[in-house]
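Here is a short briefing on one protein chain. Please keep the sequence and the model side by side while reading.

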Amino acid sequence: MSSGIRKKVTLHTLRHSFATHLLESGTDIRYIQELLGHNNPKTTMIYTHVTENSIKNINNPFDDL
């Protein structure tokens, strides 16, 4: 039985996916930094790339006035 996935998946790919999903679900980047064991926050910042879903979820504060 095969999954049909042909892309090579590495531990780094899984780690990156884990961090990206945490960030997109609203987990604070400081917690992600701790989970990944990064000493420098700049290392964790590579996961902050903007996704279309993230942009769609931004609330305009003026809408609440």
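What span should the 14 residues of α1 have, and how far apart are its end C-alpha atoms? At 1.5 Å a residue, α1 should span 20 Å, and its end C-alpha atoms are 20 Å apart, which agrees. This is a predicted model. The chain has four helices and zero strands.

**Overall make-up**

- From the N terminus on, the elements run α-α-α-α.
- The chain has 65 residues, and 15% of them count as buried.
- The accessible surface comes to about 5900 Å². Carbon and sulfur atoms account for 56% of that surface.
- Take the contacts in the chain with a separation of 6 or more: 33% of them join residues 24 or more positions apart.

- Helix α1 covers residues 11-24.
- Which residues of α1 are buried? They are A19, T20 and L22.
- Seen down the axis of α1, these buried residues fall within an arc of 160°, so they line one face of the helix.
- An α-helix has 3.6 residues a turn, so residues three or four places apart point the same way.
- The buried residues of α1 pack against α2, which covers residues 29-36.
- L14 and H21 lie on the other side of α1, and they are exposed.
- Just after α1 comes G26, with a positive phi of about 100°.

- Which residues make the nonpolar surface patch of about 450 Å²? They are I5, V9, L11 and L14.
- I5 sits in the segment before α1.
- Is I5 buried or exposed? I5 has 62% relative accessibility, so it counts as exposed.
- L14 belongs to the patch, and L14 is also one of the exposed residues of α1.

**The salt bridge**

- A search of the whole structure finds one salt bridge.
- R30 forms a salt bridge with D28. The closest N and O atoms of the pair are 2.8 Å apart.
- Side chains of opposite charge can pair when their charged atoms come close.
- R30 is exposed, because its relative accessible area is 60% and the cut-off for exposed is over 50%.
- D28 has a relative accessible area of 25%, so it counts as partly exposed.

**H38, between α2 and α3**

- Where is H38 placed? H38 is in the loop between α2 and α3.
- H38 counts as buried because its relative accessibility is 14%, and buried means under 20%.
- Which residues does H38 contact, leaving aside its neighbours within four places in sequence? Its contacts are R15, Q33, T43, T44 and Y47.

**M45, between α3 and α4**

- M45 is in the loop between α3 (41-44) and α4 (52-56).
- The relative accessible area of M45 is 42%, so this residue is partly exposed.
- How far apart in space are M45 and Q33, C-alpha to C-alpha? The two are 8.7 Å apart in space and 12 residues apart in sequence.
- Q33 is also one of the residues in contact with H38.

Note on methods: Residues are numbered from 1 along each chain as its sequence is written. This is a predicted model: local features need pLDDT of at least 70, side-chain atom pairs count only at pLDDT 80 or more; totals for chains, interfaces and linings use all residues. Side-chain values use heavy atoms; hydrogens and water are left out. Patches are made of residues with over 30% relative accessible area and no salt bridge: like charges are joined within 9 Å, nonpolar side chains (Val, Leu, Ile, Met, Phe, Trp, Tyr) within 5 Å. Accessible areas come from the Shrake-Rupley method with a 1.4 Å probe; for residues, only the protein chains shown count as cover. A salt bridge is a side-chain nitrogen of Lys or Arg within 4 Å of a carboxyl oxygen of Asp or Glu. Helices (H or I, at least four residues) and strands (E, at least two) are DSSP runs, numbered from the N terminus. Buried means under 20% relative accessible area, exposed over 50%, partly exposed in between (1.4 Å probe, protein chains only). The expected span of a helix is 1.5 Å times one less than its number of residues. The arc is that of the directions from the helix axis to the C-beta atoms. Contact means heavy atoms within 4.5 Å.
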